[in-house]
Amino acid sequence: MTEELLFLDRADVLECAAEVDVCQVVADALVRHARGAATLPAEGHLSWTNEAGAHCRSLAVLGALEGDDGPPVRGVKLINAATCNPVHGRERAAGIGVLFDHHTARPLVIAEAGWLSAARTAAYTMVSLRHLGPPAWDALTLVGCGTLARTHLELLGGSFAQTRTVHLYDADVRRTAALAEWTAHHLPELRIVQHADARTAVRAAPVVVTATTTDRGYLPAAWLGPGTFVAHVSLADLLPDALLTAQALYVDDVDLVADNPRRILGALMREGRVTARSPGPVGGRGIDGTLGQVLAGDVAAVRPTTGHVVSNPFGMAVLDVALLHAVHEVAVARKTGRTLRLS
């Protein structure tokens with residue numbers, strides 16, 4: 001019997017994703033997760049150092065969505081990264097996503113996953129802002145000016161048309177300048193302000209998105225004024241006090257946080273300074289809930305007023321799988337992509 005699957009390169013993915021409400025797909029998957037209709041096996045993680053001394057890693061993450069709120073969807077994302085890639089003109093991370101056929105378990109589609117991964121992260125931020133962000137805001141700060149930051153800007157206009165100003169900072173001033181130039185060309189309605197230091201950039205707007213590759217914290221609570229929302233979508237930008245003193249703290253999956261001490265919030269849970277539920281220990285705090293629980297109405301949404309609110313997603317494969325499923329449906333309807341024969 002002939003074995004075939006559909007292949008979608010990045011151009012195919014972008015063409016099909018243009019017909020998908022990325023934020024709605026992510027929101028729906030978060031609700032299904034909150035209702036117990038998601039499966040998240042343990043993450044596969046492999047790391048090494050290449051001949052240039054750069055850190056490299058490979059992540060293999062599986063996910064499944066079940067239940068009555070949508071079709072069963074199962075798949076895997078393999079996403080690899082090297083810290084030296086941007087220096088050579090490559091995106092830091094790249095990979096593939098695969099969906100599995102519900103009946104045969106065969107691979108159904110294989111797609112370029114770098115953009116999908118960035119898009120689901122940016123969509124998570126947009127959904128977080130809708131429900132947990134400041135009541136009124138028109139300026140945003142991006143700390144880190146690579147692919148992930150650009151993807152946030154791509155989704156920003158469709159989600160928050162009131163945004164007037166974007167503040168940019170990156171440790172590499174060339175990346176800051178490059179993103180400013182890209183924004184001026186593609187989103188001319190936005191006023192761009194480039195900053196020479198992270199502190200000034202963070203204090204310039206009530207919405208802060210960290211999108212760096214650092215593994216050392218640098219952002220203290222003192223930089224975050226009352227009414228600030230922080231989307232901590234990278235690894236370790238926040239110092240412990242920024243998390244411990246937050247007015248509210250939300251994640252995507254509590255178990256993912258607890259199982260990953262490589263990230264600052266996971267380390268704080270391992271130390272017992274952050275607990276799975278609020279209120280937390282004396283001198284620490286608890287996690288107020290997941291974004292999915294907020295969307296499902298199971299947990300109260302707290303917006304920043306007297307303090308700062310932190311959204312700290314670790315990245316759930318079910319969001320990648322759900323987004324690839326939506327893109328695949330469009331590809332099939334449009335007859336986009338190439339058929340690969342396996343046997």
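## Pockets, a cavity and a helix pair

The second largest pocket is lined by 19 residues, with P41, A42, E43, L256 and D259 nearest its centre. The model is predicted: local features need pLDDT of at least 70, side-chain atom pairs count only at pLDDT 80 or more, and totals for chains, interfaces and linings use all residues. Residues are numbered from 1 along each chain, and side-chain values use heavy atoms, without hydrogens and water.

On a 1 Å grid over the protein atoms alone, a pocket is an open set of points with protein on both sides within 12 Å along at least five of seven lines; in a cavity a 1.4 Å probe fits but cannot get out; lining residues have an atom within 4 Å of a point. A volume is the space filled by probe spheres set on the points.

The count gives 1 cavity of 30 Å³ or more. V76, K77, G97, V98, A113, L116, D320, V321 and L324 line the largest cavity. Helix α11 gives the most to this lining, with 3 residues.

| Site | Volume | Elements giving at least two lining residues |
|---|---|---|
| Second largest pocket | about 310 Å³ | β4 (55-65), α8 (254-258) |
| Largest cavity | about 60 Å³ | β5 (73-82), β6 (93-100), α11 (317-334) |

Helices α3 (residues 114-132) and α4 (residues 147-159) pack at about 45°, with axes 9 Å apart.

Key:
Helix = DSSP H or I, 4+ residues; strand = E, 2+ residues; numbered from the N terminus. Axes fitted to C-alpha atoms, helices over the stretch in contact; angles between N-to-C directions.
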